[in-house]
Amino acid sequence: TGKMLHKLQGHQFLVCACGFSRDGSLIVSGSGDNSLIIWSAKSGLPLGTLEGHTKIVSCCTFSPDGNFILSASADRTLILWDTGSGDKHRQLRAHFDVILSCSYNADGSRIVSNDKRTMKVWEATSGTQIFSLPITQSSLSPATLPVSIPERRFNSCVFSPDGRNVIFCSNDRTVTIWDPDSGEEVLCFSTRQAAIALSAGPYNL
């Protein structure tokens with residue numbers, strides 16, 4: 001019907017990211033006030049505030065089982081939060097710039113995150129970094145790229161639904177598919193305009 005069900009108010013600054021839990025019962029939002037809020041999707045009421053980042057929260061998402069919340073920040077860290085208690089479970093520090101996006105694979109065993117120059121894949125349980133991919137790696141020759149290498153940047157990254165690949169888009173109007181185990185490029189193709197966000201559905205290569 002397009003009718004507004006709830007207006008969620010509680011952050012002290014702009015809201016930068018939000019997402020539903022897989023069962024649709026919870027919502028998490030991240031803000032420029034450096035905090036996250038967990039909301040009841042049914043009532044629209046806040047259930048808890050997560051504080052631990054020191055700068056703007058740029059991305060947030062639930063783990064597939066809903067037990068954890070993953071957040072990324074301009075403070076260059078990722079935090080895994082316990083959804084039930086709101087406690088900080090683990091903080092990952094390896095990026096050297098603002099983290100722009102983060103996501104889980106389908107079974108919640110791995111995490112992918114990116115800043116503008118680097119994409120990283122992590123083991124979710126231990127927080128171990130599996131590999132780090134610099135933006136300069138590409139099968140496209142410099143003559144083919146619409147944007148020169150020094151100007152290229154990662155905009156967003158996601159896992160494919162089956163977890164076999166990581167997909168990222170960049171400002172040079174390319175979308176690239178990578179193997180998260182080997183760190184090798186599987187496919188790279190051009191888009192008409194630079195993509196700033198991604199959502200992956202089932203596909204066959």
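**Strand and ring exercises**

Ala17 has Gly30 in β2 as its bridge partner. We're working on a predicted model, where local features need pLDDT of at least 70, side-chain atom pairs count only at pLDDT 80 or more, and totals for chains, interfaces and linings use all residues. Residues are numbered from 1 along each chain as its sequence is written, and side-chain values use heavy atoms, with hydrogens and water left out.

**Exercise 1.** Work out which strands stand at the edges of the open sheet.

*Solution.* Start with the order: 4 strands run β1-β2-β3-β4, with antiparallel pairing. Strands here are DSSP E runs of at least two residues, numbered from the N terminus, and two of them pair if DSSP finds at least two bridges between them. Next, β1 (15-20) and β4 (46-51) each have a single partner strand, so they're the edges. As for β1, its antiparallel pairing with β2 (residues 26-31) covers 5 bridges.

**Exercise 2.** Classify the ring pairs that involve Phe168.

*Solution.* Rings of Phe, Tyr and Trp (its six-membered ring) pair if their centres lie within 6.5 Å; planes under 30 degrees apart are stacked, over 60 edge-to-face, and the rest tilted. Take Phe154 and Phe168: centres 4.4 Å apart and planes at 85°, so that's edge-to-face. Phe154 sits in β13 and Phe168 in β14, so this pair ties together parts 14 residues apart in sequence. Now Phe168 and Trp178: 6.3 Å centre to centre and 20° between planes, hence stacked. Together, ring pairs link Phe154, Phe168 and Trp178 into a cluster.

**Exercise 3.** Decide whether Trp178 is buried or exposed.

*Solution.* Buried means under 20% relative accessible area, exposed over 50%, partly exposed in between (1.4 Å probe, protein chains only). Trp178 has 4% relative accessibility, so it's buried.
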